[in-house]
Amino acid sequence: IQGIAGAGKSAILLTTHSMEEAEALSHRVGIMAAGRLATIGSPQQIKHLRGRTFELALVVRTPAPAELQALAAQLMPTAGIDDVMPVSAIMAVLDATGLAGRFWAEDSPLRTVAQQHACSTVALAEWIANEQAGVRIMGFLKENFGDGVECLEQFGTTWRYSIPADRITSVQSIFALIESSKEGLSVREYTVSQTSLEQVFNAIAKQAGAPEDD
């Protein structure tokens, strides 16, 4: 298809439900919803004009053993670093740190461990350090980009956030902001991505009241 279109003597009309295919093969894309042409332009133009968010993914730095020991000593002064703590002791520590709600989240790895009725002091300290980093990052992002920031997912030390596009002057500004604050946020690496064409397509379909895969 690209070879024929690149010859400059033909126009090809391709219909597809795959936005990846549309973006890879098309110079111009039109998105239909509820029988109407909702938008048309190059893939980049559509993402720029109709994209509502940017996605920020960060990997939090794993604390060094000495840092974990210091945190454990601060939060659990009567427990040794290699001790195994019962659930009642775990909940007491989490109540003190304000993280008890996160313990019960479905994506909490600590919850899975604690269902075995015990958790090591070092595992608890590592989990708390990661959660505290997530709290700092969310506060930092809301301070700079407003309350529209959302946490999309957290898996291990990786956190994914959605940032409203209208609060961002440029992608470079996000990089500059995160880069200048990496150390304080305990961020090891990060990526910023624009709204995908698939996400734009789904948003248009949802707004028109059509199923997202139509």
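Helices in this description are DSSP runs of at least four residues, numbered from the N terminus. In this predicted model, helix 2 covers residues 19-25, and Glu23 is found within that stretch.

Once neighbours within four places in sequence are set aside, the residues in contact with Glu23 are Pro43, Lys47 and Leu197. With Lys47, the link is a polar contact from side chain to side chain, at 2.7 Å. Leu197 lies 174 residues away from Glu23 along the chain, yet the C-alpha atoms of the two are separated by 7.6 Å.

Attention now turns to the sheet. Strands of a sheet pair through backbone hydrogen bonds, either parallel or antiparallel. Here, four strands in the order 6-7-3-8 make up an open sheet, and their pairing is antiparallel. Strand 6 and strand 8 (187-194) form the edges, each pairing on one side only. From one strand to the next, the twist averages 20°. One face of the story also involves a helix: helix 9 (residues 171-185) packs on the sheet and touches strand 3 (53-60) and strand 8. The direction of helix 9 makes about 165° with that of strand 8.

Within this sheet, strand 6 (residues 150-155) and strand 7 (residues 158-164) are joined in the antiparallel sense by five bridges. These two strands form a hairpin, with two residues between them. In the turn, Gly156 has a positive phi of about 65°. Across the pair, Phe155 stands opposite Thr158 of strand 7, while Gln154 faces Trp159 of strand 7.

Two packed helices are described by the angle between their axes and the distance between the axes. For helix 4 (residues 65-75) and helix 8 (residues 121-145), the packing angle is about 95° and the axes are 9 Å apart. Helix 4 is therefore roughly perpendicular to helix 8, a term that applies to angles from 65 to 115 degrees. On the helix 4 side, the contact involves Leu68, Leu71, Ala72 and Leu75. These meet Thr121, Val122, Ala125, Glu126, Ile128, Ala129 and Gln132 in helix 8. Sorted by class, the contact between helix 4 and helix 8 comprises eight nonpolar residues, two polar residues and one charged residue.

Conventions: Residues numbered from 1 in each chain as written. Predicted model: local features only at pLDDT ≥ 70, side-chain atom pairs only at ≥ 80, totals over all residues. Heavy atoms only, no water. Axes fitted to C-alpha atoms, helices over the stretch in contact; angles between N-to-C directions. Parallel < 35°, antiparallel > 145°, perpendicular 65-115°, else oblique. Contact = heavy atoms within 4.5 Å. Nonpolar A, V, L, I, M, F, W, Y, C, P; charged D, E, K, R; others polar. Polar contact = N/O pair within 3.5 Å; in protein donor to acceptor, adjacent residues only side chain to side chain. Pairing = 2+ DSSP bridges.
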